[in-house]
Amino acid sequence: MTRVFINGYGNIGRRLASAILGDKEIQLLGIAKYTADKKTQEALQNGLDIYVPKEKMEEFTEKSYRPIGIIEQAVEGCDIVIDAAKEGGGFLNKRKIYNPMNKPAIFQGGEHRHGKYSVADMIHNSRVNYEKASGRTYVIQGSCNVSGMGRIIQPMIETFGEEITRFDVALIRRWADLEDSKQVKDSIEWDVNPHHQDDVKDFIPTANLYVDAYKVPSRMMHLHQMSIRFKTKAPNKDSIIETFRKEFGIAILNSASGTAQVRKKAMEMGFSHGDTNMVHIHQEVVRVEEDTVKIPYSDDQTGMVIPENYLLLQSMLKKLSKQDALAKADRLFQMSHKKKTLEEEFN
Ligand SMILES: NC(=O)c1ccc[n+]([C@@H]2O[C@H](COP(=O)([O-])OP(=O)(O)OC[C@H]3O[C@@H](n4cnc5c(N)ncnc54)[C@H](OP(=O)(O)O)[C@@H]3O)[C@@H](O)[C@H]2O)c1
């Protein structure tokens, strides 16, 4: 049985833990906590074993959180680490722990692919390069925005190929996640050099892609406005929608009024953590004019990358075929069911 350790128990780590607990072929060795706070209690209540830094053993024990061991012991005992540290933490963990122990690891999208803080030489996007991750030791799972863009751009390229001359994307990013305690600032802020453009080009190098990113005062998902320019007249709206109809992790909605309505519906329907785990194309606002197609879609920030991490694990460690891995992910995350439910609700 594959033994997995999740290093970090924030928005991403918590979701990864609940997903992996549902797979009977994987043993979740435990999770790492660095702060002896209420989330530790939650992890214990969920039946998780907790590992902490050596110097924090006493603090956790004093609060009766009873860690089962230190982080290094968990890394030693697992087959692969899923690192879910805050941006940059993965780099330090790799240098201090994973590398010396020669332990494979998955990193999250907040880590660097290039430069002196680079943690891996590839970014995974299951729609594009699942097979390339097979047997690798270190791979980055693209961030939620990067995963979403890959999911839309790749089918467009496969269907319309060289007819497309350019992709322009405005990323309208949520300020914070629902669980975050940080305040949402009343401001619209821009990103001078969004990493998302280079990240997507890393796995779709042929895409002539330009990305602008703005952060808005919301906690309810990202919204991307993608404009796709064609050499001549653009295809009609029906053929654009058909391109995505059967795609894994894409729902086509027709009557949602905004991102909050989709998120609240996911919560109301009892989806795990209130996540849809996908992108939602808002069909009623897809437009085709002359040589340009505009596709607005919302992107489930926290949920988006959880099935992606799971798929990446199947590729790196188990070298499973993409078809089998997708079938497993579909069962575990109920992707087809969620897609059908959302499409019926927002018909
Ligand atoms: N949030 C999203 O929507 C989202 C989507 C896609 C990708 N990502 C990426 O996923 C990563 C994690 O984001 P997040 O939103 O889950 O962050 P988060 O909620 O702030 O959680 C970060 C976690 O890191 C833990 N931590 C502290 N020091 C650590 C260390 N040395 N090694 C490992 N973990 C450590 C913290 O533990 P304590 O709480 O115990 O201190 C905390 O639980 C980032 O790279 C981010 O860019 C996030």
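Biologist: What makes α11 largely enclosed by the rest of the structure?

Modeller: In this predicted model, 17 of the 18 residues of α11 are buried.

Biologist: How do you know that the reach of α11 is close to the expected one?

Modeller: From its first C-alpha to its last, α11 reaches 27 Å, and 26 Å is expected at 1.5 Å a residue. The two values are close. Lys319 then follows α11, with a positive phi near 50 degrees.

Biologist: Which residues touch the most other members of the largest nonpolar core?

Modeller: They are Val4, Ile6, Leu16, Ile80 and Ile106, in a core of 94 residues. Helix α11 (residues 301–318) gives the largest share of this core, 9 residues. Both domain 1 (2–142 + 305–332) and domain 2 (144–303 + 334–345) supply at least three residues.

Biologist: What is Val4 in contact with, leaving aside its neighbours within four places in sequence?

Modeller: Contact asks for C-beta atoms within 7 Å, and the partners of Val4 include Ile20, Leu28, Cys78 and Ile80.

Biologist: Why are β4 and β7 said to stand at the edges?

Modeller: The open sheet of 8 parallel strands runs β4-β3-β2-β1-β5-β6-β8-β7. β4 (69–70) and β7 (123–124) each have a single partner strand, so one side of each lacks a neighbour in the sheet.

Biologist: What makes β5 and β6 a pair?

Modeller: Pairing needs at least two bridges, and β5 (residues 80–83) and β6 (residues 105–107) have 2, in the parallel sense. Ile82 has Ile106 in β6 as its bridge partner.

Conventions. Residues are numbered from 1 along each chain as its sequence is written. This is a predicted model: local features need pLDDT of at least 70, side-chain atom pairs count only at pLDDT 80 or more; totals for chains, interfaces and linings use all residues. A nonpolar core is a set of buried Ala, Val, Leu, Ile, Met, Phe, Trp, Tyr and Cys residues joined through C-beta atoms within 7 Å. A residue is buried if 20 or more other C-beta atoms lie within 10 Å of its own, exposed if 12 or fewer, and partly exposed in between; C-beta atoms are placed from the backbone. Helices (H or I, at least four residues) and strands (E, at least two) are DSSP runs, numbered from the N terminus. Domain bounds come from an automatic or database domain assignment. Two residues are in contact if their C-beta atoms, placed from the backbone, lie within 7 Å. The expected span of a helix is 1.5 Å times one less than its number of residues.
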